[in-house]
Amino acid sequence: MRPTVAAPESVTWRVHLDRSMWVAGVRALMLQALHPIAMQGVWQRSDFRSDPTGRLLRTAHFVAVTTYGSLTEADALGRHVRRVHRALSFTDPASGRLHRVDRYDLLVWVHCAEVTSYLETCHRAGVELSAADRDRYLDEQAHTATLVGLSPGDVPRDVAAMRRYLAAVRPSLRVTPEARQAVRFLLWPRIPDRLAWLTPLKPLWFPVGALSYATLPSWARRAYGTLPEVPGAGAAATASLRALRSGLNRVPERYYDLLFDEATVRSADEARRRLLAAGYRVEDGLRLARPRAVPSSPHASALRERSRTSTVPDPAD
């Protein structure tokens, strides 16, 4: 059994363990809020208004477990999420209709808003990703969608398909009063009791929230109208993202981990032990986990040479 859900060599690992994910995660919540029915589900059936940071940390935990958690851990978390969602419903005030939280199209929207936010924000922040890498990331994340009750074929698995999906759903997106309030909560969130020690640092959060807002598509920013639009905002946001990422990368891991819930940190510690047992180097933290070099031998050299000179079969054959 592989030691982690995503391999350290995967694009998922490269994106999800990048420290610009804080901005990406908040951006995802802001984008998700533009779906009026999905926003009603959050507004009516979650503690988002009283504890927006808690929702962000729960999302961070889900991303962590579905990246470096064990297969058993990820399956258990997926079962829990599906069980909670099955038990929840809400009413759309515009139509009076009752909707399930786990309605198919809502699950697809939440997935797509998340993975596009993660991919676009981290790439913009400086994570090196080729066009093939970006396609591969979406394909990898299609398997993560199964944990919330979808199948891999339900969601876009490459950039072109994702663009088609977002273009198709855009006419149904709009800013509701709840969405506008959600963005304000995310720009200046309430600090939960468990993170009360961070209260003096709360003013440092606003640049993260503002960056998350600035990285939204221009049409979304115009629709929200929460922060003023300024000329050259796109280039300034990219430069600021890269500067923030550079600063976060300088924070020692033992201090950076204080931002996460204990369960998330515990999952990371367990992943570190499994990776070490599987022959990975993790002395510099999970972000830089790499396979250990295997001492060469005459037999191994012969195998490599034979592999190099042999004809590789066409996968289509």
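The model is predicted, so local features require pLDDT of at least 70 and side-chain atom pairs count only at pLDDT 80 or more, whereas totals for chains, interfaces and linings use all residues. Residues are numbered from 1 along each chain as its sequence is written, and side-chain values use heavy atoms, with hydrogens and water left out. The chain contains 15 helices and four strands; these are DSSP runs numbered from the N terminus (helices: H or I, at least four residues; strands: E, at least two).

**Chain as a whole**

- Of the 317 residues in the chain, 46% are buried (under 20% relative accessible area, with a 1.4 Å probe and protein chains only).
- Contacts (heavy atoms within 4.5 Å) between residues at least 6 apart in sequence join residues at least 24 apart in 72% of cases.
- The accessible surface (Shrake-Rupley method, 1.4 Å probe) is about 16,400 Å², and carbon and sulfur atoms account for 57% of that surface.

**Helices α2 and α10**

- Helix α2 spans residues 21-32 and helix α10 spans residues 205-214; their axes come within 8 Å and cross at roughly 55°. Axes are lines fitted to C-alpha atoms, for helices over the stretch in contact, and angles run from 0 to 180 degrees between N-to-C directions.
- This angle makes α2 oblique to α10, the class left after angles under 35 degrees (roughly parallel), over 145 (roughly antiparallel) and 65 to 115 (roughly perpendicular).
- The crossing of α2 past α10 is right-handed, a term for a near helix turned clockwise from the far one by less than a right angle, with anticlockwise giving left-handed.
- On the α2 side the contact involves Val23, Val26, Arg27 and Met30, and on the α10 side Trp205, Val208, Gly209, Leu211, Ser212 and Tyr213.
- Seven residues of the contact between α2 and α10 are nonpolar, two are polar and one is charged. Ala, Val, Leu, Ile, Met, Phe, Trp, Tyr, Cys and Pro count as nonpolar, Asp, Glu, Lys and Arg as charged, and the others, Gly among them, as polar.
- Helix α10 is mostly covered, with seven of its 10 residues buried: Trp205, Val208, Gly209, Ala210, Leu211, Ser212 and Tyr213.

**Helices α6 and α8**

- The axes of α6 (residues 104-125) and α8 (residues 159-169) come within 11 Å and cross at roughly 125°; the two helices are therefore oblique to each other.
- Helix α6 passes α8 in a left-handed crossing.
- Val108, Trp109, Cys112, Val115 and Thr116 of α6 meet Met162, Tyr165, Leu166 and Val169 of α8.
- The contact of α6 with α8 comprises eight nonpolar residues, one polar residue and no charged residues.

Notes
Buried < 20%, exposed > 50% of the residue type's maximum accessible area, 1.4 Å probe, protein only.
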